[in-house]
Amino acid sequence: MDVSPSTLIGSVAGCIGLYSFVPQVVKCCRTGDVAAISLRMFVVRTFGLFLWTIYGYALGSLPVLVFSALGLMLSSVILVLKVRGSRLQPAGESCRQDGLEQKASGTADPVAG
């Protein structure tokens with residue numbers, strides 16, 4: 001099997017790109033915390049990866065096709081979590097603020113004496 005240098009470079013670049021993105025996806029899936037993630041940015045990123053996947057298929061470039069499709073799946077996971085999270089959370093409030101409000105409401109007021 002003869003692998004061209006451009007295919008090898010594309011494969012290594014794809015692996016590095018996915019390797020850097022997987023921890024973010026894992027963290028979002030485990031914690032469900034997507035408050036710091038921009039919905040607009042992930043919509044654009046997901047659409048861009050969709051176009052890269054089509055381009056890789058049209059070009060017949062296996063590295064572009066495979067790694068953009070894998071990136072599309074990972075980006076879609078975060079996008080779905082973000083959309084679900086934004087439906088559950090009132091506009092303008094972060095998860096951290098919600099936690100502080102819940103903690104504060106559970107404490108008793110000091111008694112003056």
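1. Helices (H or I, at least four residues) and strands (E, at least two) are DSSP runs, numbered from the N terminus. In this predicted model, the protein chain has 4 helices and 0 strands, in the order α-α-α-α along the sequence.

2. Two notes on the source. Residues are numbered from 1 along each chain as its sequence is written, and side-chain values use heavy atoms, without hydrogens and water. Local features need pLDDT of at least 70 and side-chain atom pairs count only at pLDDT 80 or more, while totals for chains, interfaces and linings use all residues.

3. Of the 113 residues in the protein chain, 21% are buried (under 20% relative accessible area, with exposed over 50% and partly exposed in between; 1.4 Å probe, protein chains only). Among contacts (heavy atoms within 4.5 Å) with a separation of 6 or more, 68% join residues 24 or more positions apart.

4. Helix H1 covers residues 5–31, 27 residues in total. Its span from first C-alpha to last is 40 Å, close to the expected 39 Å (1.5 Å times one less than its number of residues).

5. H1 bends by about 30 degrees at Phe 21 (the angle between axes fitted to the seven residues ending there and the seven starting there). Pro 23 follows within four residues. Phe 21 is also one of the buried residues of H1, along with Gly 14, Leu 18, Val 25 and Cys 28.

6. Met 1 lies in the segment before H1 and counts as exposed because its relative accessibility is 99%. Just after H1, Gly 32 has a positive phi of about 75 degrees.
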